[in-house]
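Please find below a short note on this model, arranged as numbered points.

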Amino acid sequence: MMDLVRHTSRRLYEEHIAVIALLERFGNALGPLAAPPPANDPVWSLLLPQLAVALEHEITGHFDLEEKQLFPRLREHGSGELADLLLEEHAVIREVSRPLLDLIKLARAGSLDSAGWKSLRTLGLELVERLSAHAQMEQGSLVPQVDEMLDETTDMEIWNAYVN
């Protein structure tokens with residue numbers, strides 16, 4: 001783990017690591033999937049609810065934290081181009097995630113047909129690629145800057161608002 005001193009940057013780092021690992025599992029499960037898995041498939045029975053929760057958090061809470069609290073501060077610290085790039089990527093990831101979340105809900109309910117599974121696989125693989133690359137980019141660029149630019153008081157304000 002990076003040597004991070006701020007709660008907010010450590011949380012971002014941990015969430016990025018967790019989502020990258022989940023996306024790797026998702027990509028590995030999607031890769032060989034030519035047809036819908038059996039209804040009682042243990043991998044999918046565990047993976048789909050984890051994905052639904054993680055994606056909901058990622059495209060709401062996590063992205064909101066970055067967009068409302070951190071990107072404006074990046075701009076103030078001369079990193080507006082990075083903030084703009086990450087914001088554009090958030091928009092694309094949301095576009096992929098929303099229909100994918102609907103498909104995941106149908107799959108969890110056991111009401112996804114073969115065409116639906118094909119769409120889930122296509123969108124899922126796109127999400128794995130986009131969100132993994134995005135999280136890795138943030139690990140190298142956003143997280144270290146957040147750790148440097150936040151003072152202790154601001155860090156605690158952002159942290160407390162985020163975890164509550």
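1. Helix 1 (7-30) and helix 4 (residues 114-140) pass each other in a left-handed crossing; left-handed means that the near helix is turned anticlockwise from the far one by less than a right angle, clockwise being right-handed. Helices here are DSSP runs (H or I, at least four residues), numbered from the N terminus. The model is predicted, so local features need pLDDT of at least 70 and side-chain atom pairs count only at pLDDT 80 or more, while totals for chains, interfaces and linings use all residues. Residues are numbered from 1 along each chain as its sequence is written, and side-chain values use heavy atoms, with hydrogens and water left out.

2. The axes of helix 1 and helix 4 come within 9 Å and cross at roughly 150°. Axes are lines fitted to C-alpha atoms, for helices over the stretch in contact, and angles run from 0 to 180 degrees between N-to-C directions. Helix 1 and helix 4 are therefore roughly antiparallel (over 145 degrees; under 35 is roughly parallel, 65 to 115 roughly perpendicular and the rest oblique).

3. Contact (heavy atoms within 4.5 Å) between helix 1 and helix 4 involves, among others, Leu-12, Ile-17, Leu-23 and Phe-26 of helix 1 and Leu-120, Leu-125, Val-128 and Ala-135 of helix 4. By class, this contact has 14 nonpolar, six polar and two charged residues. Nonpolar covers Ala, Val, Leu, Ile, Met, Phe, Trp, Tyr, Cys and Pro, charged covers Asp, Glu, Lys and Arg, and the others, Gly among them, are polar.

4. How do helix 2 and helix 4 cross, left-handed or right-handed? Helix 2 (42-76) passes helix 4 in a left-handed crossing. Their axes come within 13 Å and cross at roughly 40°, which makes helix 2 oblique to helix 4. Residues in this contact include Trp-44, Leu-55, His-62 and Phe-71 of helix 2 and Trp-117, Leu-131 and His-134 of helix 4. The class count is eight nonpolar, two polar and three charged residues.

5. Helix 4 also packs with helix 5 (residues 142-149), at an angle of about 35° and with the axes 3 Å apart. Met-137, Glu-138, Gln-139 and Gly-140 of helix 4 meet Leu-142, Val-143 and Pro-144 of helix 5. By class, four nonpolar, two polar and one charged residues make this contact.

6. The structure holds one cavity of 30 Å³ or more, and about 30 Å³ of space lies in the largest cavity. On a 1 Å grid over the protein atoms alone, a cavity is a set of points where a 1.4 Å probe fits but cannot get out, whereas a pocket is an open set with protein on both sides within 12 Å along at least five of seven lines; lining residues have an atom within 4 Å of a point. Grid points are joined across faces, edges and corners, and a volume is the space filled by probe spheres set on the points.

7. Which residues line the largest cavity? They are Val-19, Leu-22, Leu-23, Leu-51, Ala-54, Leu-55, Glu-58 and Leu-131. Helix 2 gives the largest share of this lining, four residues. Seven of the lining residues are nonpolar, none is polar and one is charged.

8. The largest pocket holds about 240 Å³ of space. Of its 15 lining residues, Ala-39, Leu-48, Ala-107, Arg-108 and Gly-110 are the closest to its centre. Helix 2 supplies the largest share of the lining, four residues. By class, the lining has 11 nonpolar, three polar and one charged residues.

Note on methods. Helix = DSSP H or I, 4+ residues; strand = E, 2+ residues; numbered from the N terminus.
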